[in-house]
Amino acid sequence: MAVRLRLKRTGKKKQPSYRVVAVDSRKPRDGRVLEIIGTYDPRQEPSAISIANERAVHWLSHGAQPSDTVSKLLTISGAWDEFRTQGSSGSADSNADAAQAAPSEPAPAPTPDLVLDTPETGADDSPEASAEVPADEPALQNGASEPKSPDPGEAQ
């Protein structure tokens, strides 16, 4: 089930207010929700936003995808920063523990099998000589043959 954090409209006609909800993405806008995690009232000055940050972080950590508007509201409320620091601190700690546990060994020396195949240049070959192409012969690439000249009797 794909969970989304999005807005559910409430309020009277021409007087919207919203609930920030966790809902199955296949459900309609005002359908059944999994959990209400906050409210948003855009008609107040300034807009009233109240979000339970711990519940928002819970749903984000379990793979819920916020809508564009909800992601902005989560940034304003601070839940998005909590989620980012929780995710980065957990991975940073595990990487640091792994680095301390494993003894550092020098990188192995390259073996002849790993050497790239490059054309060898002899003492008499110079880079300028190999780059020069006679002006009367066009350079062919990728083994392409020379273009055929059309026969005057052949229709195109």
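Going along the sequence, the pattern reads β-β-β-β-α-β-α-α-α.

Some housekeeping. This is a predicted model, where local features need pLDDT of at least 70 and side-chain atom pairs count only at pLDDT 80 or more, while totals for chains, interfaces and linings use all residues. Residues are numbered from 1 along each chain as its sequence is written, and side-chain values use heavy atoms, with hydrogens and water left out.

How much of the chain is buried? Of its 156 residues, 21% count as buried. Buried means under 20% relative accessible area, exposed means over 50%, and partly exposed is in between, using a 1.4 Å probe and protein chains only.

Now the inside. A nonpolar core is a set of buried Ala, Val, Leu, Ile, Met, Phe, Trp, Tyr and Cys residues joined through side-chain atoms within 4.5 Å. The largest one has 18 residues, and Leu-5, Val-20, Trp-59 and Leu-74 touch the most other members. Strands β1 (3–12), β2 and β3 each supply at least two residues, and so do helices α1 (53–61), α2 (68–77) and α3. Which of them gives the most? That's α1, with four residues.

Let's zoom in on Val-20. Leaving out residues up to four places away in sequence, Val-20 touches, among others, Leu-7, Ile-37, Ile-51, Val-70 and Leu-73. A contact, by the way, is heavy atoms within 4.5 Å.

Next, the aromatic rings. There are two aromatic pairs in the structure. Rings of Phe, Tyr and Trp (its six-membered ring) pair if their centres lie within 6.5 Å; planes under 30 degrees apart count as stacked, over 60 as edge-to-face, and the rest as tilted.

Tyr-18 is partly exposed at 21% relative accessible area, whereas Tyr-40 counts as buried at 16%.

Then we have Trp-80 and Phe-83, which make a tilted pair, 5.6 Å centre to centre and 50° between the planes. Both are in helix α3 (residues 79–101), three residues apart, about one turn of the helix. Buried or partly exposed, what is Trp-80? Partly exposed, at 22%, while Phe-83 is buried at 19%.

Last topic: charges. Side chains of opposite charge can pair when their charged atoms come close. We count a salt bridge when a side-chain nitrogen of Lys or Arg is within 4 Å of a carboxyl oxygen of Asp or Glu. How many salt bridges does the structure hold? Three.

In one, Arg-55 pairs with Glu-35, with the closest N and O atoms 2.8 Å apart. That pair links distant parts of the chain, since Arg-55 is in helix α1 and Glu-35 in strand β3, 20 residues apart. Arg-55 is partly exposed at 31%, and Glu-35 is buried at 19%.

Another joins Asp-24 and Arg-26, with 3.0 Å between the closest N and O atoms. Asp-24 is buried at 8%, but Arg-26 is exposed at 66%.

And finally, Asp-30 bridges to Arg-29, again by closest N and O atoms, at 2.8 Å. Asp-30 is partly exposed, at 38%.
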